[in-house]
Amino acid sequence: MAQPTFVLRDEHLVEALNLKVQSFVHRVTGAEHYHLAADNSENVFMVGFRTAPTDSTGVAHILEHTVLCGSRRFPVRDPFFMMLRRSLNTFMNAFTSSDWTAYPFASQNRKDYFNLLDVYLDAVFFPRLDELDFAQEGHRLEFSDPADSSSPLTFKGVVYNEMQGAMTNPVSFLWQGLSSHLFPSATYRFNSGGDPEIIPSLTHAQLKDFHRRNYHPSNAFFLTYGDLPAAKLQEIFEERALKDFTREAGAPFLVASEKRLKAPIVACESFPAESLGADDNDDRSHVLMGWLLDTDSSLENLIEAHLLAAVLLDNSSSPLLDVLETTDLGRAPSPLCGLDDDHKEMIFCCGLEGCAKASGPEVEELILATLDKVAVDGVPLEQIEAVLHQLELSRREIGGDGYPYGLQLLLAAFPAVVHKGSVVERLDIDPVLGKLRQKIKEPGYIAQLLRRLLLDNPHRVRLSMVPDSDLAPRREKALRARLGARLRSLDSEKKQDLIKRAAALTARQQEQDDPEILPRVGLDDVPDDLPVPLGKEGAVPLPLTCYNAGTNGLVYQQVIFDLPELDNELLDILPDYSSCLTELGCNGLDYRQTQAWQAQVSGGIGAYYKVRGAIDDNARVKGLFVLSGKALQRNYGALTKLMRKTLESIRFDEVDHIREIMAQSLAHQEQQVTASGHLLAMRAASAGCGPVAALGHRVQGLEGLKKLKKLYFKLAQKGDALSAFSRQFEALHERIMSAPRQFLLVAEEEREAGLTAELQSGWQGSTQDQSTDFKDFMLPAGKNLVRQAWTTDTNVNFCAKAYPTVAVAHPDAAPLAVLGGFLRNGYLHRVIREEGGAYGGGAGHDSASAAFRFYSYRDPRLSATLDDFDRSLSWLQDEKHEARQVEEAILGVVSQIDKPGSPAGRAKQAFYDGLYGRDPEFLRAYRRRVLQVTLEDLKRVAETYLKPESAGIAVLTDPASAANHAGALGLEIIDL
């Protein structure tokens with residue numbers, strides 16, 4: 001009998017997570033395999049490589065893109081995106097971090113899982129790395145008109161444009177600047193994603209060399225999760241890849257520790273920003289302090305660092321965050337505040353944004369004085385215990401509502417794998433938590449920790465990042481000069497070479513590969529049924545719905561109010577009220593004391609609202625306001641008391657803290673503009689499609705952000721405006737508290753009886769103040785057709801076009817849902833991403849707003865992309881299409897419908913679906929309609945609803961591009 005190709009090194013049962021961690025090593029190459037064996041049919045795979053860069057060309061990032069452009073067994077141009085549509089995956093992606101690259105996927109279907117495994121293994125170990133794919137995905141030099149050598153030269157490429165967009169955000173400059181000073185010699189001083197000024201210096205030969213060295217099994221690691229046996233997976237690893245390799249000398253390639261600074265340093269750098277008027281105060285600077293922590297990467301050191309960071313920054317009762325929130329030196333705490341443990345060595349950051357240019361010394365003095373005070377005065381024991389309580393709760397909670405739960409666990413273990421730490425320790429932290437519960441009782445423990453990690457640590461940087469209105473023009477001028485020099489260096493033969501290469505790339509992009517080279521699942525592989533959690537009426541007098549779920553010892557409770565009729569002023573502040581409600585004091589306590597209370601007894605409470613149209617009429621809306629909380633089962637009674645006191649004794653008199661919350665909200669939303677610009681553009685374009693879509697743009701979109709800026713300017717003046725704003729909160733709160741309410745409980749079945757009794761006792765009498773003349777929530781009709789160009793600081797564009805459609809119960813809702821994937825798969829992906837160079841683009845039907853929406857993301861083009869949206873509809877009607885293309889689009893919709901979430905998340909989703917008329921039978925009927933969609937249906941709904949005269953258009957761009965394009969497109973220019 002042949003020996004196994006992998007040797008078991010260790011296995012460990014992690015009881016708190018209900019899984020077994022197994023560690024293996026490949027006999028020949030030394031490749032590592034960590035398997036998390038769990039009773040979960042959503043199996044997850046991830047292969048990773050240590051890819052620390054030695055420059056800022058973005059080689060690891062560009063390689064991540066290029067390996068997914070065809071391989072030895074699957075020589076098609078775009079296997080990754082082709083598999084996205086031939087699969088029932090619950091997750092597919094690829095990541096490049098500062099010192100590793102990983103390729104994960106997840107699927108509940110075993111056939112699909114093994115299909116994807118074949119494609120992924122071949123892609124990473126045996127990619128074609130064609131030079132044209134490098135030109136498309138990375139960078140290329142090309143004439144603006146690719147066929148005209150008299151037109152200007154330009155740089156193009158998907159990653160090039162992606163990083164142009166990424167480096168628009170001041171926070172990206174801040175992080176990159178801090179990293180370069182904290183790590184003056186280590187790999188982290190480089191921009192692993194790629195600096196747009198340096199990316200064009202990367203050659204195709206360098207890319208291939210980087211792959212040969214770093215994508216070797218001796219430098220690789222496999223991580224898997226689920227109910228598939230490790231031995232079965234290892235047989236495939238061996239057969240599909242590892243048998244072709246021997247051990248690589250010198251691998252794995254580990255990151256060296258940074259040489260320690262002997263004294264703190266001070267640095268100042270700049271980011272591009274618009275110029276201000278002579279009389280305007282420039283308070284757009286960032287001041288950030290960063291420490292590189294000690295090199296001991298043991299779990300105990302890691303948890304101690306997290307403990308200290310949380311004690312200092314967890315909430316408004318934390319001493320350092322309190323100071324940063326309340327100081328007049330800046331508008332809000334820096335978004336980089338906290339601990340980063342993804343590197344070989346941990347980083348602790350704190351600081352402010354919205355500062356004056358010269359405020360660096362004062363901010364540093366404030367932070368160090370605060371840390372000194374904490375070291376002298378200490379921190380109350382109950383506050384430290386609350387942090388350990390939060391660690392325990394977050395560890396127990398079963399996720400899965402964003403990334404698959406198994407992938408979350410693999411990513412949690414990832415730093416230990418990359419840097420040769422203990423994976424078991426990273427996942428089984430209970431022994432260390434137990435040890436820390438004893439250590440925190442020692443007098444002076446936090447002070448000693450604070451001194452060791454921060455105050456006595458000289459490896460510290462204070463970085464000021466200041467706005468520079470000349471930086472972008474200087475860079476643009478330098479780019480033009482660089483391209484001009486390149487143009488002058490080209491003789492006629494080299495110019496023709498560029499034209500020929502552009503033509504070859506275009507021809508390659510338009511090739512029709514045989515998709516049957518790739519494995520697939522079909523409609524016959526789709527499960528017949530759609531499992532939906534079922535709730536039941538609670539056995540108590542209160543209006544209660546209970547769901548049983550495997551929550552691993554957590555309890556979830558929500559109070560749901562019907563939103564009442566609101567006037568325009570109250571409707572506009574609904575998001576602000578939601579943000580503030582759980583951040584203010586209650587029960588006679590101030591907001592600091594209340595947030596400390598929240599941390600002691602809960603995993604957090606939050607407030608939000610939902611507005612949806614009826615399933616058969618999107619204009620007939622229903623609004624809900626929700627107060628949500630979670631806790632360990634032992635704290636359920638305390639959670640109930642906290643939630644009730646929050647509603648019944650909230651302190652809207654804390655007006656200064658309301659202003660601080662609004663400042664933080666504004667800062668967060670401003671950071672999202674270029675990170676999620678496509679979503680904001682789609683909301684704007686959809687605003688004319690109906691009342692729900694109009695509300696989204698008005699309060700959560702670009703219009704809402706513009707209003708928030710004006711509001712914050714008023715509140716910053718303090719005085720009457722702040723008091724009046726607080727009174728509006730009071731009026732809105734009173735309206736909501738008088739509305740009908742009901743309760744939701746999600747918990748393990750065996751605990752339900754006791755928990756429902758506790759809920760009844762805790763909320764007894766709470767419904768007595770409900771109004772008898774309640775009026776249902778209503779929305780005004782949607783806007784007229786929107787045609788807008790929103791301007792901001794950006795090097796790339798975000799384009800959107802939207803058409804009004806139908807509600808989800810309409811027979812055409814299903815083909816409209818399939819149409820988005822059909823247009824994206826067959827046309828939009830090629831012309832917008834591959835040919836146009838945008839980082840992303842596509843289309844989809846949003847049944848919540850009854851709108852069909854096109855979008856592009858980090859796009860170098862504007863008008864041409866909007867034209868491509870229209871051309872996709874001509875392509876649909878005029879070209880010949882295969883039944884396979886419709887099936888692939890259907891699979892994409894079904895995989896989203898069937899996508900699993902966390903146990904609690906699925907229960908809550910089922911509850912709200914029911915409130916909005918989407919009961920299990922309706923959802924199953926809709927899914928059946930999706931499975932029956934035909935090509936004729938797609939053509940019919942496109943012709944019926946996607947008419948040029950009904951299209952809303954919105955773009956997010958820079959002022960110069962808006963001025964160049966708005967006239968011809970008939971767009972109103974709005975400065976954000």
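Author: Ile661 has its place in helix α23, which covers residues 655-675; helices (H or I, at least four residues) and strands (E, at least two) are DSSP runs, numbered from the N terminus. The model is a predicted one, in which local features need pLDDT of at least 70 and side-chain atom pairs count only at pLDDT 80 or more, while totals for chains, interfaces and linings use all residues. Residues are numbered from 1 along each chain as its sequence is written, and side-chain values use heavy atoms, with hydrogens and water left out.

Ile661 has a relative accessible area of 9% and is therefore buried; buried means under 20% relative accessible area, exposed over 50%, and partly exposed in between (1.4 Å probe, protein chains only). Not counting residues up to four places away in sequence, Ile661 touches Ser579, Cys580, Glu583 and Leu584, where contact means heavy atoms within 4.5 Å. Leu584 stands 77 residues from Ile661 along the chain, and their C-alpha atoms are separated by 9.4 Å.

The nonpolar cores may be considered next. A nonpolar core is a set of buried Ala, Val, Leu, Ile, Met, Phe, Trp, Tyr and Cys residues joined through side-chain atoms within 4.5 Å. The largest has 82 residues, and the members that touch the most others are Tyr577, Leu581, Val611 and Phe625. Tyr577 is in contact with Phe625, Phe652, Phe729, Leu732, His733 and Ile736, leaving aside its neighbours within four places in sequence. A second, separate core has 74 residues, including Ala549, Ala789, Leu828 and Val941. In soluble globular proteins, nonpolar side chains tend to be buried together.

Phe6 lies in strand β1, residues 6-14, and is buried because its relative accessible area is 4%. Beyond four places in sequence, Phe6 touches Phe24, Val25, His26, Ala31, His33, Gln234, Phe237 and Leu242. Ala230 is 224 residues from Phe6 along the chain, yet their C-alpha atoms are separated by 9.7 Å.

Pro467 belongs to strand β16, residues 460-468, and its relative accessibility of 5% is why it counts as buried. Setting aside neighbours within four places in sequence, Pro467 is in contact with Phe271, Ala273, Asp282, Arg284, Ser285 and Lys357.

Gln383 is in helix α12, residues 381-396. With a relative accessible area of 16%, Gln383 is buried. Apart from neighbours within four places in sequence, Gln383 has contacts with Val311, Ser317, Ser318 and Pro319.

Ala251 and Pro252 are joined by a cis peptide bond, with omega about 0°, and Pro252 is found in the loop between α8 (230-240) and β11 (265-272). Lys420, which is not a glycine, has a positive phi near 60°. Lys420 lies in the loop between α13 (405-418) and α14 (423-427), and it counts as partly exposed because its relative accessibility is 41%. Asn587 likewise has a positive phi, of about 60°, without being a glycine. The loop that holds Asn587 runs between α20 (574-581) and α21 (591-601), and a relative accessible area of 32% makes Asn587 partly exposed.

These parts belong to a protein chain with 35 helices and 28 strands. For 976 residues, a compact globule would have a radius of gyration near 30 Å, and the value for the protein chain is 28 Å, which agrees; the radius is taken over C-alpha atoms, and the globule rule is 2.2 Å times the number of residues to the power 0.38. Along the principal axes, the C-alpha atoms fill a box of roughly 80 × 75 × 65 Å. Of the 976 residues, 60% count as buried. Among contacts between residues at least 6 apart in sequence, 81% join residues at least 24 apart. The accessible surface comes to about 38000 Å², and 49% of it belongs to carbon and sulfur atoms; such areas come from the Shrake-Rupley method with a 1.4 Å probe, and for residues only the protein chains shown count as cover.
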